[in-house]
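Thanks for making time this morning.

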Amino acid sequence: MDVVVDAIRQVWKARQGASVTALDGVSHRFRSGRFSCVLGPSGCGKSTLAQIIGGLEQATSGRVEIRDPNAANGPVRSGAASVMVWQNQNLFPWRTVIDNVAFGLQMRGVGKRERHERAAALLATVGLQGFERHYPVQLSGGMRQRVALARALIMEKPVLLMDEPFGALDAQTKIVMQEELLRIFEQTHKTIIFVTHAIDEAILLGDEVIVMTSRPGRIKEVIEVNLPRPRHLEMVNTPEFGALFDRAFHLIRDEVRRAMAEQSAAIRGAA
Amino acid sequence: MSKERIAPAVFEKVLPALIVVAFLGAWQLLVSLRGIQPVYLPAPSAIVLAMIQMAADGSLFVNLGITLLRIFSGFLLATVTGISLGLIMGMSRLFQRIIDPWIAALYPLPKIALIPLLVIWLGTGESYKILISAITAFFPIVMSTYAGVCQVDRGLMKAAQDLGASRRQVQFNVVIPAAMPTIFAGLQLGMGVTIIMVIAAEMIGGSTQGGMGYVLINAGQILETETVFAALVVLALMGAAIMKLQEWIGNRLVPWSHSR
């Protein structure tokens, strides 16, 4: 599925009639079957962009179009072709692991036996066999993120939206999860839109890295990542990776500096 | 664990029980040595004797049964009305706007002050006792249900929506279960005040309908202090048993918040 965002603008109403522009004229075509990373400093509106694409937020203006590039029919309803993986997982604490994964199927009216069978199969592929009856609170952060991934994959949506899914994980767990995600991507060739603030993660995973400016969020530059697939962690040490990292780093450094200066000005102003 | 480690652990468990026994022994000794009148302070042995007597003639079980029946009737009434109204308030903004001033006005009123009015309207029969306890328990239940629904994590609701849940499905599969721990806390508060109000209503109300509150007030009036103490002990045990039962039900109903 191609995901086209066109002139997306998102304005929040702030206190005393003031308003904050989170996204300003964001246009991009996320091509079908590609892994696109949206990279930006915190507060640049990249999570908002993911939620707008997922139909979970209404943009102030602009257009999202999701359509099959090979089919003649028109775009699908926003949200119908995508599913989100959240940074804080948003697992339902009162549901066991298997019932969390089966949630989407249950909402569709799939019977208990079938949905549990399919959920168990997916849990096995993400390495969580034997944890079906646990509650999320009993799992580690990495395991919870696997549950969240399985809960999204079971929906079998062509577009996977990932909002800093590994942002809260420790460094080692993060590496393992990245490898797992690469494996899943290379097997399923879903269209993945992956929001992150980690430069190395964006380059290691993505076919392209969309660098955002700090608030208001605009697209600063799109970096094509021509590293071969399958990707693995060793590629971090290649000169190609280093060159890409350098480029992204210089783009993002200015934005982070600008964002920090604005933040300290705002704090000073408030004090 | 070494032997030196086990000894203090055992000591830690035995000591509180020993202190209780010592306290009762001292009480018994004090009463018999100083010759204190049983009307003021009966000896623990006399209280136990009074309890045995009440159990033997059956009055203990009859009165306790009547009181428990009233408690559970009042509590059930408050639970059904409180949870339904709290859920509706949490899910409909309009309804919340309509109900809110009523609750805000009635909540601070000490519910026990309604007894004279209810007695005028209903007499001192069962309906008055059940209603006064239900009214009292209704407020903590409705408020915690409403608060529980309002505090539901928006992220969970969004995630459910993203996974294809309709508005109604979000309410039944996310809002209500997410609010369960808060609702249950309200039920526990509600049960506490129900017990208080039933006993108080039994004291102020009827003389022929029985109940532990009546046993207490009657024994007090004829200066049967042993019976007063015996009734207090029974009420304390009853309260503890109800609390344990609630805890047990809570653990079964809300297992995710206890399985850390």
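Let me begin with helix α5 of chain A, residues 141-153, which in this predicted model has 13 residues and reaches 18 Å from its first C-alpha to its last, close to the 18 Å expected at 1.5 Å a residue. How many of the residues of α5(A) are buried? The count is 10 of the 13, so this helix is largely enclosed by the rest of the structure. The buried residues are Arg144(A), Gln145(A), Arg146(A), Val147(A), Ala148(A), Leu149(A), Ala150(A), Arg151(A), Ala152(A) and Leu153(A), and you will notice several arginines named there. As for what surrounds them, the buried residues of α5(A) pack against the strands β5 (82-85) and β6 (159-163) of chain A, and also against the helices α2 (97-101), α3 (103-107), α4 (112-125) and α6 (171-188) of chain A.

Turning to where the two chains meet, the contact takes 16 residues from chain B and 18 residues from chain A. On the side of chain B that touches chain A, the elements that give two or more residues are α7 (154-162) and α8 (167-204) of chain B, and the largest share, 6 residues, comes from α7(B). By class, the residues on that side of chain B divide into 8 nonpolar, 5 polar and 3 charged.

Finally, a word on chain B itself, which is divided into domain 1 (1-36) and domain 2 (37-253). The C-alpha centres of these two domains of chain B lie 35 Å apart, and the contact between them takes 6 residues from domain 1 and 6 residues from domain 2. On the side of domain 1 of chain B that touches domain 2 of chain B, there are 4 nonpolar and 2 polar residues, and no charged residues.

How values were computed
Residues are numbered from 1 along each chain as its sequence is written. Chains are lettered from A and ligands numbered from 1 in the order in which they are written. This is a predicted model: local features need pLDDT of at least 70, side-chain atom pairs count only at pLDDT 80 or more; totals for chains, interfaces and linings use all residues. Helices (H or I, at least four residues) and strands (E, at least two) are DSSP runs, numbered from the N terminus. The expected span of a helix is 1.5 Å times one less than its number of residues. A residue is buried if 20 or more other C-beta atoms lie within 10 Å of its own, exposed if 12 or fewer, and partly exposed in between; C-beta atoms are placed from the backbone. Two residues are in contact if their C-beta atoms, placed from the backbone, lie within 7 Å. Ala, Val, Leu, Ile, Met, Phe, Trp, Tyr, Cys and Pro count as nonpolar, Asp, Glu, Lys and Arg as charged, and the others, Gly among them, as polar. Domain bounds come from an automatic or database domain assignment.
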